[in-house]
Amino acid sequence: MKKPKTAKKMMTYRLLLQGNEACVKGALMAGCLFYAGYPITPASEIMETMARDLPRVGGAFIQMEDEIASLGAVLGASLAGAKSMTATSGPGFSLMQEHIGYGCMAEIPCVIVDVMRGGPSTGLPTQGAQGDVMQARWGTHGDHPIIVLAPSSVYECFDLTVQAFNLSERYRTPVIVLIDEAVAHARESVVLPESGQIAIEERPRPTVPPEWYIPYADPGSGVPPMPKYGDGYRYNVTGLCHDIRGYPTTRKDEVEPLIKRLFSKISKDAERLQWYDSYFTEDALVTVVAYGSVARAGLQAVKQARDKGLKVGLIKLKVLWPFMRHTIVAVMENSPRILVPEMNMGQISREVKRVNRGNCEVLTLNKYDGTLITPREILQRLEEIYPC
Amino acid sequence: MLETAHPIHKYLRSSKKFPHIWCAGCGIGIFMNALIRAIDRSAYNKDNIVLVSGIGCSSRLPVYVDFNTVHTTHGRALTFATGIKLAKPGMKVITIMGDGDAVSIGGNHFIHAARRNVEITSFIVNNQIYGMTGGQCSPATPHGVKTVTSPYGNAENNFDICLLAEAAGAPFVARSTVYHTKLLDKLMDKALDRKGFSVVEVISQCVTYCGRWMGLNSPVEMMKWLKENSLTVDKAKEMCEEDLKGKIVIGILADRERPTYLEEYEKFVR
């Protein structure tokens, strides 16, 4: 029987997926083979889906005794050579901070998904918030670089999880995916790409024989190659400041280059990490800067405002850290006002204000009662602040 | 003639900047020597062993020896070890922890690792004190001992680490001291050989802090104390609980067959 021409296209996955489930699809697409976690609302679906799907692709799943142990196991598995991830929410994310620092220092790739709920403390377990933006940046102690991505739709949960793995492998560093509860629990119809259609990156591997291998020497890219266990490249991994051979050191001529390299391996690529979508920004007198679920409401509000004749636009941030200074500064050159609506008391707006060189007015719209910011609320605020 | 064929030369890292951090008279060196001898006797080679440690004096050991080594965070060695074993079941995973590391900050990980029975050989060097941070009392410090954080005497009871491991489900549990090196050799061979989570508690001396607090002012005095206070499992069986107070029971305390986590996992998911 002859198949109609469009049959294959129609058969490509059109799925009704939850954000959390899409996250798992992304992880598996990226080649994740290890998951360790601890149940927590509103992130549990990621763990449940992993428990079911990971063994089917030959991976290993384990439920650990707490979040500290979960990230410890993830780092161990990654050292052994498996792409690894965990997922949690605010309180569990707090427990993971110790090992996020270890991952940064020892340069162990891994992905941590934080489905944000209302806080502080146990807070609002079943309701959304965007309160972990600063915890994701500065939660662990000491100066450290970090990459944080923020999806705003079910498809982006898939896509940015794949990219989180890619970035963590490319830079040998923990990458955090911050999803707000509304996006994680939203169900949307999505078409996912098939494997092969999306680029998957692997960590750099040593090409020299084991006796020549120097584990933390800068090969020029700032990212030293990383062997897997059993291949003969025996080296020491430590959370202490270490020399290029991986041995603990307190010598300032060894500590300073290490910390500098940890930062510069990511900051040198800052311009490559400007991931955003822009809508109607060319002539905007007010530009909305938003991320996560709020960016969805923001787009709706901007469209309604345009219908009313207001020149407003939207920048949707997909990368929160390193902060997209280049993008925001460019917006400020064209737009006299910026509105940052957020489901917190002003965490990204603080950064926007920080990079402002005084030629732009930065205004906020904050909500921290567990409910979503609606298009109507953003529209009202836009009308209030629109320059007449 | 100098003994140059000692196995330790085969396993020490030549690229590491020695000297090591341990005080003169510390027991960890004896333990390290025993560990290297045991590995040398075993079927494992340098490439298929991963040595994972936490934080503390004994946890500095992996830095000096030529295996795949991971010096992790305080108390969390077993969590890393679990991940490594699951992701790469072919590796022999050994953890080295101190008493504060294993049963204070890492106590939860310890009991769950024993319950789960992932194949990890776990050595706990118990010097009954926090040595690296300056002699604070640990969950293994005996009742009544004065330390810098118990200046009027330790009001708490100490853990029996082996009893804890056994109750939590570890299939192989044993104890020795660094004085009883022949026994230590035997127990280490058995522990490395066993499938599942095996625990060997090694009572060691910290002359710098613990000895001072206990009134034992030299390594020799501490060694004598280890010798005189230890008794074998068989002897202990004939004694009442009252007489066993303050004594160190050495030998194999538990040795039983239990399916490992990976065996069970394979059975359920494949």
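Two strands are taken to pair if DSSP finds at least two bridges between them. The legends below describe close-up views of a predicted model.

**Figure 1. An open sheet of nine strands includes strands of chain A and chain B.** The strand order is β10(A)-β2(B)-β1(B)-β3(B)-β4(B)-β6(B)-β5(B)-β8(B)-β7(B), and the pairing is mixed. At the edges lie β10 (236-238) of chain A and β7 (230-232) of chain B, each of which pairs on one side only. From one strand to the next, the twist averages 20°.

**Figure 2. Strand β10(A) runs parallel to strand β2 (residues 68-71) of chain B.** Three bridges join β10(A) to this strand of chain B. Thr238(A) has His71(B) as its bridge partner in β2(B).

**Figure 3. Helix α7 (residues 181-193) of chain B packs on the sheet.** The strands touched by α7 are β4 (121-126), β5 (172-177), β6 (198-203) and β8 (248-255) of chain B. The direction of helix α7 makes about 160° with that of β5(B).

**Figure 4. Chain A and chain B meet in a contact that takes 35 residues from chain A and 33 residues from chain B.** On the side of chain A that touches chain B, the elements giving two or more residues are β2 (34-37), β3 (60-63), α4 (67-80), α5 (90-106) and β10 of chain A. Of these, α4(A) gives the most, with ten residues. Sorted by class, the side of chain A that touches chain B has 21 nonpolar, nine polar and five charged residues.

**Figure 5. Helix α10 (residues 293-307) of chain A packs against helix α13 (residues 375-385) of chain A.** The angle between the two helices is about 50°, and their axes are 8 Å apart. Angles under 35 degrees count as roughly parallel and those from 65 to 115 as roughly perpendicular; α10(A) and α13(A) are therefore oblique to each other. The crossing in which α10(A) passes α13(A) is right-handed.

**Figure 6. Residues of α10(A) meet residues of α13(A).** From α10(A), the residues in this contact are Ala297(A), Gly298(A), Gln300(A), Ala301(A), Gln304(A) and Ala305(A). They meet Pro375(A), Ile378(A), Leu379(A) and Leu382(A) in α13(A). By class, the contact of α10(A) with α13(A) has seven nonpolar and three polar residues, and no charged residues.

Conventions. Residues numbered from 1 in each chain as written. Chains lettered and ligands numbered in written order. Predicted model: local features only at pLDDT ≥ 70, side-chain atom pairs only at ≥ 80, totals over all residues. Axes fitted to C-alpha atoms, helices over the stretch in contact; angles between N-to-C directions. Helix = DSSP H or I, 4+ residues; strand = E, 2+ residues; numbered from the N terminus. Parallel < 35°, antiparallel > 145°, perpendicular 65-115°, else oblique. Left-handed = near helix turned anticlockwise from the far one by under 90°. Contact = placed C-beta atoms within 7 Å. Nonpolar A, V, L, I, M, F, W, Y, C, P; charged D, E, K, R; others polar.
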